[in-house]
Amino acid sequence: MKLQDLTKTYGPARALDRVTFSVAPGERVALLGHNGAGKSTLMKIVLGLIPHDGGAVQVLGAAPGVRRAGVAYLPENVAFHPALTGEEQIGLFLSLRGQDPRGARALLARVGLHDAAARRIGTYSKGMRQRVGLAQALIGHPRLLILDEPTSGLDPVSRRDFYALLDGLSAQGAAILLSSHALTEVEARTDRIVILSGGRLVAEGALERLRIEAGLPVALVVTPATGQGDGVATHLPGAERVGEKLVLTCKAPEKLGHLARIAALGPKVADVDVIPPSLEDIYSHFSRRDGQ
Ligand SMILES: Nc1ncnc2c1ncn2[C@@H]1O[C@H](COP(=O)(O)OP(=O)(O)OP(=O)(O)O)[C@@H](O)[C@H]1O
């Protein structure tokens, strides 16, 4: 999937402004952005549901909407018929795609729903319904998956399982674009992050690169040995006392120098932790930089 200077306006309002990025086969890219940043608009354009005004869009090497069979979409809130069993529902979707409905069990097994296949969807948890959505999305072996906040409302275990499924799909070569507000989880589970703000791409890259680009401070959390708090504090001017600990905030390039000074204090120091800026910090840095 390739976007080049993608632009979309709704009347006078510009929802997307010259957005350029791509998602390669096997890559998992997270699309982040505040409400109204343009994420849904971008997804709808890629899916061929709405036209764009400017720039170029290539989806599996063709215009959006052309290679429909190769593209799967999982909307944020999937709704299925509560009276149907998982197997009946997926069987129905298979029939609608001209495929053998008996393939439903295998698809449900792929998303960990084999044992629940004969139960009515009305009895499923939200995480299980989300997996039915993923099973539906997997029909026909899509090469591009567009997932709109796929883990919103899922508990941590369901989220982890869901990402494990995505890992398997990307390992088989599927390109995955997912939007999310859950920053910490995409930090660990995606290859690249794209941040939209006010319709513009304000940051793109692997998290490590964004961390460096943002130039945000690093915190060194020093735990003095028992009774050594004051002694350590005199050697760390500028450090803030937080309970028993001393927190020194510095720019990333200064980190090693500070660590060397801390190490030189020897047994006066019991422990030291280096806390890099979180994805939340990086995200608000880029969003703010853009005046949001
Ligand atoms: N059909 C429409 N008509 C007019 N304006 C629209 C339409 N759809 C979206 N917009 C506007 O375009 C901008 C981008 O909206 P979009 O829904 O793409 O954002 P989003 O990042 O998906 O937000 P959210 O996280 O709330 O889903 C917003 O300012 C929104 O109000």
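Residues are numbered from 1 along each chain as its sequence is written. Because the model is predicted, local features need pLDDT of at least 70 and side-chain atom pairs count only at pLDDT 80 or more, while totals for chains, interfaces and linings use all residues.

I start with the domains. The domain assignment, whose bounds come from an automatic or database source, gives domain 1 (2-212) and domain 2 (217-276). Their centres, taken over C-alpha atoms, are 43 Å apart.

Next, the cores. A nonpolar core here is a set of buried Ala, Val, Leu, Ile, Met, Phe, Trp, Tyr and Cys residues joined through C-beta atoms within 7 Å; buried means that 20 or more other C-beta atoms lie within 10 Å of a residue's own, with C-beta atoms placed from the backbone. The largest nonpolar core has 60 residues, and Leu31, Ala135, Leu145, Ile176 and Ile195 touch the most other members. A second, separate core has 8 residues, among them Leu220 and Val222.

Now the sheet. Strands are DSSP runs of E, at least two residues, and helices are runs of H or I, at least four, numbered from the N terminus. Two strands pair if DSSP finds at least two bridges between them. An open sheet of 4 strands has the order 11-12-10-13, paired antiparallel. Strand 11 (240-242) and strand 13 (269-275) are the edge strands, each pairing on one side only.

Which strand does strand 10 (residues 218-224) join through 5 bridges? It is strand 12 (residues 245-250), and the two run antiparallel. Leu220 stands opposite Leu248 in strand 12.

Notes:
Buried ≥ 20, exposed ≤ 12 C-beta atoms within 10 Å, placed from the backbone.
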